[in-house]
Amino acid sequence: MTEVQEKVRDLSEKYGRRRENLLPILQGIVEKEHYLTSEAMIQVAKELDISAAEVYGTASFYSFLDTEQRGQYVIRVCKTISCDMKGKNSIIKAIEDVLKIKVGETTQSKMFTLLETNCLGWCHKAPAILINDEPYTNLTPAKIKAILGDYIRNAEGKQKIIGDIQYER
Amino acid sequence: MKDKNLKIVDIIFKPHLVKYEVLDKTVARSNEDILKEIIDSGLRGRGGAGFPTGLKWKFAAEQKAKKKIVICNADEGEPGTFKDREILTKVPRKVLGGMAVCAKIIGAKRGFIYLRGEYKYLLPFLNEELEDFNKHLKEIGLDFKIDIFLGSGAYVCGEESALFNSMEGKRGEPRNKPPYPTVAGLDNMPTVINNVETLVYALMICSIGSKEFKALGTSDSRGSKVFSISGDTPIPGIYELELGMSVYDFVEEFGDGDTKAVQIGGASGFCVPRKKFKETIIGFEGIPTGGSMMIFNSTRSMYNVLHNYLDFFEEESCGQCTPCRIGYQQLKKGVEAVKHGEKNEEYLQQLMKLTETMKLTSKCGLGQSVANSFSSIVNNYREEMVY
């Protein structure tokens, strides 16, 4: 069994092998591997005893279940109207300048992927982005460059970098 | 508030001094008593569609089934809406309390929060709250357990039947209705699915009483509502306001002095131009909203706004039914062609006909509601579409 197959098996043990457990399993793979490889999806199909086409068909429906290679950190820039009006293009430009990639691309080091996404639910603090699960809001080109700097300096991912949203009790 | 026509309300976010106090007092009452209170209050769903909450609960309670389900719909994806995130962050116990009251009435033992993938950062916090809450339910002897199901970035999953499919591990495609969720929802079990905000109001009505709630709002739109306000405003954010105000009063308070249009109800809602501010009421008798209020000032091109919406729907269409899948592509191509002078102005009429077809023939709200924003923008800002 390869490493990926073992991971899929572990996730299937954890969540269960019924169809209703498909999404949590796929989400678990994406959390670890950043995207779904064919190998992983075929293994999921075996574990759940459904066809691989069913797995791919379901995964490809959801924009957060990527089936193409993604970097360690997936940056999703909100492109819906409020963020668009508050300068999301300047944020994308700043990210492109720092990482030397265009929207849809992954850096050669496989550290970052830059994507656009639909409404993230931070319209009052636009422009907003997600880096993996962490939201960053009220961005300016200078602020996003500083944030990317933090991620790059922390290249091994030793520390978990927390977004700028604090929740209150 | 400087304007008397707008009233700020504090039902949703008001902190409780004693943990789970309202829930404990409510579950001590009889089911009939609670249900009567909620039906009396005239509370309608706060997710946008506005179905009477008490009736929904009653229908589910009347179903004879061994297993029933309560789902809190936290798949808030409508552009310009962000109030559910705030409610879940500030008063999660009230949301959970609302679910528990519903479970008691309909006889459900399992509950889920369907949390959109974009809000995954809330998981550790919400799981902590849930652990405490599930423990408390055991202590008070209510046989009900809540879990969180995480979405994965699909707007259409906010549609209730698409949400069930998603939870069943399938593509999030809406189902045909009927059967309605209260008859056959998740795994064909009778299911009550309510928006985050609706559940909090249901709980709070049990505390403040239907009379006090009904005293707010109008005969069609009882009570208050949490609004998500964004766009060209000096004070964007989340506000709980009494229902039934005019757009004029709203803009007086939240506009930047140069407001040209207000989009009510998000990309699937209506665009109200300045000349109609006074006559337009925000509520079920006028323009209903799930809370999204986006303000545009005179520097904004309404063509860009419309194009952005069409882009959104084109991507988020589940692709299951043709009118919606192809319709959005054609609408986008069409407005681009008119803008670039490849088609003449009359072509807009043809596009308008297409939106009517989509409204009639699409399976769910995603395809049906395009006619709202498309016609309200194109009719009121025709020049901007052409030149």
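## Terms and model

Buried means under 20% relative accessible area, exposed means over 50%, and partly exposed lies in between (1.4 Å probe, protein chains only). This is a predicted model, in which local features need pLDDT of at least 70 and side-chain atom pairs count only at pLDDT 80 or more, while totals for chains, interfaces and linings use all residues. Residues are numbered from 1 along each chain as its sequence is written, chains are lettered from A and ligands numbered from 1 in the order in which they are written, and side-chain values use heavy atoms, with hydrogens and water left out.

Let's start with A:D66 and A:R76, whose side chains form a salt bridge at 3.4 Å, N to O (a side-chain nitrogen of Lys or Arg within 4 Å of a carboxyl oxygen of Asp or Glu). The pair links distant parts of the chain, ten residues apart: A:D66 sits in the loop between α4 (52-59) and β1 (73-78), and A:R76 in strand β1. Helices (H or I, at least four residues) and strands (E, at least two) are DSSP runs, numbered from the N terminus. A:D66 is buried, with a relative accessible area of 8%, and A:R76 is buried at 8% too.

In chain A, the side chains of A:E20 and A:R18 meet in a salt bridge at 3.0 Å, N to O. A:E20 is partly exposed at 28% relative accessibility, while A:R18 is exposed at 54%.

Over in chain B, B:D147 and B:K145 pair up at 3.3 Å, N to O. Here B:D147 is partly exposed at 24%, and B:K145 is partly exposed at 41%.

## The wider picture

Salt bridges with shared partners join A:K79, B:D311, B:E314, B:E315 and B:K332 into one network. Over all chains, the count comes to 43 salt bridges.
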